2 protein chains.
Amino acid sequence: MANLQDIGYSAAINLLSALAFLIAFAMLRLQPINDRVYFPKWYLKGIRSSPTRAKALVSKFVNLDYRTYCKFWNWMPAALKMPEPELIDHAGLDSVVYIRIYLLGVKIFVPITILAFGVLVPVNWTGGTLEHMKDLTFSDVDKLSISNIPSESPRFWAHVGMSFVFTFWTFYVVYKEYKTIATMRLRFLASESRRPDQFTVLVRNVPPDPDESVSEHVEHFFFVNHPNHYLTHHVVHNANKLASLVAKKKSLRNWLTYYQNKYQRNPSTKPMTKTGFFGLWGTKVDAIDWYLSEIEKLSQEEEAEREKVLRDPKSVIPAAFVSFKSRWGAAVCAQTEQTSNPTIWLTERAPEPRDVYWDNLAIPYFELTIRRLLMGVALFFLVFFFMIPIAIVQSLANIEGIQKAFPFLKPLIEVKSIKSLIQGILPGIALKIFLILLPSILMFMSKIEGFTSLSSLDRRSAAKYHFFILINVFLGSIVAGTALEQLKSFMKQSATEIPKTIGVSIPMKATFFITYIMVDGWAGIAAEILRLVPLVMFHLKNTFLVKTEQDRDQAMDPGSLEFATSEPRIQLYFLLGLVYAAVTPLLLPFIVIFFSFAYLVFRHQIINVYDQKYESGAAFWPDVHRRLLIGLVIAQLLLLGLLSTKGAAELTPCLIAQPILTIWFHKFCKGRFESAFLTLPLQDAMVRDTLERATEPKLNLRTYLQDAYIHPVFKRDEPVTPQILDEEVNSPLVATKRKSTTGNSIKISSEGISEVIS
Amino acid sequence: MANLQDIGYSAAINLLSALAFLIAFAMLRLQPINDRVYFPKWYLKGIRSSPTRAKALVSKFVNLDYRTYCKFWNWMPAALKMPEPELIDHAGLDSVVYIRIYLLGVKIFVPITILAFGVLVPVNWTGGTLEHMKDLTFSDVDKLSISNIPSESPRFWAHVGMSFVFTFWTFYVVYKEYKTIATMRLRFLASESRRPDQFTVLVRNVPPDPDESVSEHVEHFFFVNHPNHYLTHHVVHNANKLASLVAKKKSLRNWLTYYQNKYQRNPSTKPMTKTGFFGLWGTKVDAIDWYLSEIEKLSQEEEAEREKVLRDPKSVIPAAFVSFKSRWGAAVCAQTEQTSNPTIWLTERAPEPRDVYWDNLAIPYFELTIRRLLMGVALFFLVFFFMIPIAIVQSLANIEGIQKAFPFLKPLIEVKSIKSLIQGILPGIALKIFLILLPSILMFMSKIEGFTSLSSLDRRSAAKYHFFILINVFLGSIVAGTALEQLKSFMKQSATEIPKTIGVSIPMKATFFITYIMVDGWAGIAAEILRLVPLVMFHLKNTFLVKTEQDRDQAMDPGSLEFATSEPRIQLYFLLGLVYAAVTPLLLPFIVIFFSFAYLVFRHQIINVYDQKYESGAAFWPDVHRRLLIGLVIAQLLLLGLLSTKGAAELTPCLIAQPILTIWFHKFCKGRFESAFLTLPLQDAMVRDTLERATEPKLNLRTYLQDAYIHPVFKRDEPVTPQILDEEVNSPLVATKRKSTTGNSIKISSEGISEVIS
C-alpha cells in the first residue's frame, strides 16, 4: 500500500499533466485558426463569424498579440461570470442542470470533508492499532483510516454517528437540489416561447381499421373523444430507406468536394478514383465525373423513393402526432387513458421535433415487452460475462494468429523485444476497444428497447452504463477477479456475508481509488477542455472538405454533453465519496477537487462549445437523484458490513436503519417531485393558454403547427436549425431585468458576449 | 411419514365431518325460523319476507313438509343454476369475480392433475430408489413423489419438462382469466346505471388559503382549471365525534328495546339496571326510564354537535368531492396532475359513497409517507417477531399467574388432571386468540396507512395477510421453527442455498399439507355454509332485541365476503398446488376437491347470504393475479432448489429461465390489463355521456348529485339502503334476453327466484 508520500508524488504528476493540458488549451484557444474548435457555439448562434479579412494573413491563423497571452487564465473567471438565468437562455436547461450535478458534488462533499477531517481523522489517528502490529506493513494512509481502530472499540460510535450526519446532510442537500431543479424546470417550461410540442401528443399503436386509413382513423378517434380540443394531426411515414439514401448522398458530396478541392489546388493532374469498395479496387475513372454521375443517379433514386413514401398508404406507420387547440387539451390527452385496451392508442407528451427518434415509432406492445425482456437478459450477460468474448478475441489475436494471417510479418514478429511488446499490449487493446465501444453497444440496446426520443434513449443508456460501472469498475476494483467470478462467489455467500466481504476490502483500496480519481478525474477533465480529437478532425476537414463558409460551419464539431456516458461516471465519484467518507476521509479532498474543477471546465464548455441535440428540460434529474441514493445505500451497507467484522455487533441495529431511511427518503422525494418531470400540470397549461389567448387572439395555430412534425428527410435542403435557436435570436435577451435580479453586470450584446468568452 | 392408508383414514374422517356440517345445514336451512340466517340476501332485497301469518304457529318455526327433506341436496344444483350475467346483477361484480378465483383454481389444477398422474406418477413410481434403502422407513406417498428418483437420474427431465408445461398452462389460464375479468369489469362499469361516483372526483390535500374558505378555494380552482366541466362540489366535515355519538345512541336504543321486551313479557317486575360500567355496578335505577333519559341527553348532545360541525369552518377538512358535468370531465380530472406540486390538489376517482372511509380523508402528504414507513417496519416485526409477545403472554398466563390473580380457583387448579389440561391448552389459546385478532390488527394498520376507501383498505390488508401466511404458515410449516429463527438462519445462508434448504424439505411435508387441506379447506368450507355463529347470534338477537319487523331485519347478519382474510388463504392453496405439482402429485386431487367444493359453497352463499358493503367492480383482480404469480415463482425456485440437491446440475439453466419468464409475464399482463382496473378510459366515458345526453336531455345533474357525498351521520334516520339495490329493484331484470344468450330457463320473477333458492 502506498503511503502519503507516494500519493503526494502521484498527485504532483497528475496535477502537472492536467496543468500541461490546461496550458496547451490556453495557448491553442487564442489562435484564430482554432476559433471554431473552441468557440463553436457562438458561431452556431451566428454571433461570431470567421476572423475579418482586413487583417494580415498571418494574424488570421496565429495570434501575435502578446497581451492576450498574459491573461490566458481568464477563461476561468469568465466561465463563472455568466449568471444562471442567462446561461439557461444561452445553453438550455439540460446543460445548466447537468453542470449543477458537479456543483451538487461540491455542496455535499465540502462540509463532509471538513467534518470528517475534524472528527474522524483525529479519532482514527489516535486509534493506535497499527503501531502495535510490528509484522504488518502499514502506511500513513491506513493510520488515517478506520483500519487503525482496534476491534470492539467504542470509538466506532464516532463513525456510526458521523455516518448518520453524512446521511442526513446528503438528504438535505439532495432534497433541496431536487426542489430547486423541479422549480427551474417548471419555470423553464412556463417561460419558453410557444413550441409545437406543447400542443402535441405522440399517439402510438393506432389499431388497424378495415375501412379507414390511419390518418382518417386518428382524426375520427380524436374528434370524437376530445371534441372541443382536437385540432389537427401528422401521420408518420416510414422513411428509413429514404433517410439512408440521403445520408449516402451527403457522403458522396463530401467526396466530390474533396476531389474538387484537390483538382483546384493542383489543376495539372485530374484526380482519379476506383469504382469499387471505398475506392480501393475496381476500374480507374475520373473522380469528379464519376461522383457527379453517382450523385445524379442517387438523386433520382431519392426522388422516386420520396414520391413512393408520400403516396403509398402502406408507408404510413400506425403512429401520429396529434395536435390540440390548447396546451390544456394536449396535457389532458397525454395524461389520460384513451380506450379500455391500454395497449392501443397510447398517448404521451410529444418530444421536441428534433428529439424524436423516428425509427421506433411503430413497435407493437407485445413486441416491445419481448424486446425489453431480451435486452434485460442481454444486459445481464454483457455485464457479468463481458470478459468472455474479450478473452476469445485476445486468444485469437495472439502472436501465432498474427503470424498465420500475415506471414510476411513473421521476421518482424520473431524479434524478441517486439514479440513481448505485442504480447503485452494486445490483451489491453482488446479490452480498451471494448470499453470504447461499450456506450455505443448500450445505446444500440436501448434503441432496440423501443424508446421514442433521443433524450429517453440517453437516459436509458445511462442507466445501463451505471449498472456496468457499478459492477465492473467499482465492485471489480474492490474484489479482485471478473464480475463473473464475483457473481459465482456471491451466489455462495449469504446476504449478510456479501457486504462484509466487500466492506473489509474497502479501506485497503483507498489509495487505488485516490490514484483513479486523479488519473481519470483530474487529467480526464483537463483533456476534455483541450478537445484534442475535434481539434484534429476540424483541421483535417478544413483542409480537405471545405469550400464555402457554410462547409466550414458544418466542419465544426461542437459536440454535446454525452449524458449517457458521463453522468454514470460522475455517479462513480459520488459513490466513492460516500463510501469512503466514514472509512478513509483522506479520499474526500480529491473528490472535492474533482467536482470543483469539473464544474469550472464544463461551465466553460457549455458556454463556448457544446451544442445540445435536444432540450428535455432536465428530464433526467429523477435518474440522477435515484442513482445518487443508490450510491448512498451501497455506502451504508458496506459500512455495516465493515463494522460487523470489527466485532461491533451493538452498532448493527443503528446502521440497519440507514438504508431503510434512505429508501423511504427516495420514495418520499419521488412522490413529492417526480411528476413535475413527467407531466405538464393542468394549472400551468391553463395559465399559459389564458395568457396567450389574451396576448395573441388572432394566432393561427394550425398554420403554426403545419410542418412541425415532419420527418427531417422531407425538409428539403434547408439547413436544419433547431427552432428554439431561431426564436432566441429573434427575441434578443432583455438585459435590464436580468441585471437587477442577479446583480451581475453583463451586457447582452455582442460586446458583452465577447467579454464572457475571451 | 404417513402412508396412503393413513391419508385415506384422515380423508374419510374429514369427509365425514364435512358431510355432517352439510347435513346439519341442509336440515337447518329448511326450518322457517332460520330463514333469515340462510337467506338474508333475499330479505334485504325485499323479495322474501317473513313466513306468512296464515300458516299454523308450528309451521312458522319448523318445517313439517317431509317432501322438502327428501330433496335436501338440491341447493347444490340450484347454486350452479343462476347464469353469470344475472348473478352479477344479483350479487355484484365483486362477489362473482371472487368466486371465479375458486373456478380459476379448478381450471388450473384439473389438467395439471391429469398430466401429473399420467406422466409424473409412473415416472416416480418406477424410480425405485426407496425400495433399495432397507434401513429407511418410507411410505407409498413417498414412492409416488420425486423422492423415489435416484440422484443424477435422467428421469428428472420429465419433472423439468412437466414444470414447464405447468408454467405455460398456468400462464395461459391466468392470462385468459385476466382478460375475461377486465372485459367483465368494463362491461359492468358501462352497463351500470348512473351513479354519483361516475361524475365525481375525490380531491385531497387542498392547500390552505388565507383569504378563502376550503369550499371557495375548491370552487375557484376547478372553475378556473376545468372551466367547461366543473359542476359542483361537496366539502367534507370532520364528523368523527358525531359518528361516535350516533353509534353510542344506537347501542343505548338496543338496550332500551331489550328492557322494553323484557318488561312486556313479564310486566310484573320492572327491569332495573345499574348506572355504572356496562350495568355492572353503580346505583340501581329503573332501566327503561334511565335509558330513555340517557337517549334524550345523547340526542341533545348529538344535535349540538351536528350544529357545531356544520357551522364551524374549522370542522371542514381540506378535502372535497368535486363533481363534473360529464363522465369525461371527471375521468380527465381524476387522471391528470392539477398543479406543479404533486402533493396538493391530489385527485382520484371518487369511491362509491358507501365505500368511502371518512376518517382518512385529511392526512397530509408528508405524514402519509411517514405512516407508511412506520407500518412497513411494524409489519416486518409483526411477521417475524409475532411469537415474542405471545410467548410473553403465555408465560404470564401460566398456572402460577392464574393462582395469584384468582386465589379462589386454587383448589380447582390443584387437581392434577385440570392442571395439565390448562397447561396444555393455555399456550394454544394465546396463539389462537392472536390469530383471530390478526386480521383486525392488519386492518388497523392499513387504516393508519391512510387509504380512503373500504375496498382499498381490504386490498391492502389482504396483501399484509398474504405476507404473513407465506412466512408463518407456508414457510413455517416446511422449515421448523419460528419465522424469527428462519430469518436468522436464512441470513446466514447464501441466496442459492435458501431454495435448496426449503426445497429439500418440500417432499417430506406433503402428507402434512394434505391433512391441512382437508381440515382447513374441506371442513372449513363446510363450516362456512353452516354459519354457526350468525345462527346463534340471530336467535339471541331475535329473542331479546326485536320488536318490529324492521328490528328483525337489522338483527340479520348477512355478512359479506371477507376479502382481506379469505383471499390470502386461497392463495395458500394455489401455492401448495403449484409447489407440489411437480414434486408430489398426490396432493393435487385434494386441491382440486377443495376448489370445486369451495366454488359450489360460495356460489350458494353469494346468491343467498352475503350482502357486500361496497362494490369495487373487481378492482382487486390485479392483486389476485400478482399473488398467484408470486406463488408460481416460489414454486419454481423451490423446484430449482430441490433438483440442484439431486445432482442434476445440467437442469439448472433450464429452470432458472422459469422465474424470469414468470416475472416478464407479470409485467406483460400488468401493462396489458392493469389500467382497466385503475382508470376510466376517456372513450368509454364519452360513449356513456353521449348516450345519456341523447336519452335524457333534461337531466338535472346538480340535483342528482346534491346529497350523494354526505357523511352518513348527516343522513338522518332514513335507512341506509345502498343506491345500487334501489335501482335494481326499480328496474327489474329482463329475463328474455338473458335466456337466449345463456340457454338457461330461469324466470326472473318471484317464482323464478324461489326456484333458485329452494
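This is a predicted model: local features need pLDDT of at least 70, side-chain atom pairs count only at pLDDT 80 or more; totals for chains, interfaces and linings use all residues.
The crossing of H12(B) past H13(B) is left-handed. Sorted by class, the residues in the contact of H12(B) with H13(B) comprise 15 nonpolar, two polar and nine charged.

Helix H26 (residues 563-581) and helix H28 (residues 621-645) of chain B have axes that come within 9 Å and cross at roughly 30°. Since angles under 35 degrees count as roughly parallel, that crossing makes H26(B) roughly parallel to H28(B). Here H26(B) passes H28(B) in a right-handed crossing. On the side of H26(B), the contact is made by Glu567(B), Gln571(B), Phe574(B), Leu575(B), Leu578(B) and Val579(B). H28(B) answers with Val624(B), Arg627(B), Leu628(B), Gly631(B), Leu632(B), Ile634(B), Ala635(B) and Leu638(B). The residues of this contact of H26(B) with H28(B) divide into ten nonpolar, two polar and two charged.

Chain A holds 34 helices and six strands. Of the 758 residues in chain A, 36% are buried. Among contacts in chain A between residues at least 6 apart in sequence, 79% join residues at least 24 apart.

The arrangement of the two chains can be described just as simply. The same surface serves both copies, with 100% of the contact residues of chain B recurring in chain A.

Between the chains, 35 residues of chain B are in contact with 35 residues of chain A. On the side of chain B that touches chain A, the elements giving two or more residues are helix H11 (214-225), helix H14 (327-335), helix H15 (365-385), helix H29 (652-678) and helix H30 (682-695) of chain B. The largest share of that side, seven residues, comes from H29(B). By class, the residues on the side of chain B that touches chain A are 14 nonpolar, 16 polar and five charged.

How many of the residues of H14(B) are buried? Nine of the nine are, so H14(B) is largely enclosed by the rest of the structure. The buried residues of H14(B) are Arg327(B), Trp328(B), Gly329(B), Ala330(B), Ala331(B), Val332(B), Cys333(B), Ala334(B) and Gln335(B). What covers them includes helix H14 (327-335) of chain A, along with strand E1 (200-204), strand E5 (316-324), strand E6 (346-349) and H30 of chain B.

Returning to chain A, the loops also contain some residues of interest. Trp345(A) sits in the loop between H14 and strand E6 (346-349) of chain A. Although Trp345(A) is not a glycine, it has a positive phi of about 50°. Is Trp345(A) buried or exposed? A residue needs 20 or more other C-beta atoms within 10 Å to be buried, and Trp345(A), with 23 such atoms within 10 Å, is buried.

Asn205(A) is found in the loop between strand E1 (200-204) and helix H11 (214-225) of chain A. Phi of Asn205(A), a residue other than glycine, is likewise positive, near 50°. With 19 C-beta neighbours inside 10 Å, however, Asn205(A) counts as partly exposed.

Gly559(A) lies in the loop between helix H25 (549-555) and helix H26 (563-581) of chain A. With 17 C-beta neighbours inside 10 Å, Gly559(A) counts as partly exposed. Leaving aside residues up to four places away in sequence, Gly559(A) touches Pro534(A), Val609(A) and Tyr610(A). Gly559(A) and Gln605(A) are 46 residues apart in sequence, while their C-alpha atoms are 9.9 Å apart in space.

Conventions. Residues are numbered from 1 along each chain as its sequence is written. Chains are lettered from A and ligands numbered from 1 in the order in which they are written. Two residues are in contact if their C-beta atoms, placed from the backbone, lie within 7 Å. Helices (H or I, at least four residues) and strands (E, at least two) are DSSP runs, numbered from the N terminus. Ala, Val, Leu, Ile, Met, Phe, Trp, Tyr, Cys and Pro count as nonpolar, Asp, Glu, Lys and Arg as charged, and the others, Gly among them, as polar. Axes are lines fitted to C-alpha atoms, for helices over the stretch in contact, and angles run from 0 to 180 degrees between N-to-C directions. Angles under 35 degrees count as roughly parallel, over 145 as roughly antiparallel, 65 to 115 as roughly perpendicular and the rest as oblique. A crossing is left-handed if the near helix is turned anticlockwise from the far one by less than a right angle, and right-handed if clockwise. A residue is buried if 20 or more other C-beta atoms lie within 10 Å of its own, exposed if 12 or fewer, and partly exposed in between; C-beta atoms are placed from the backbone.
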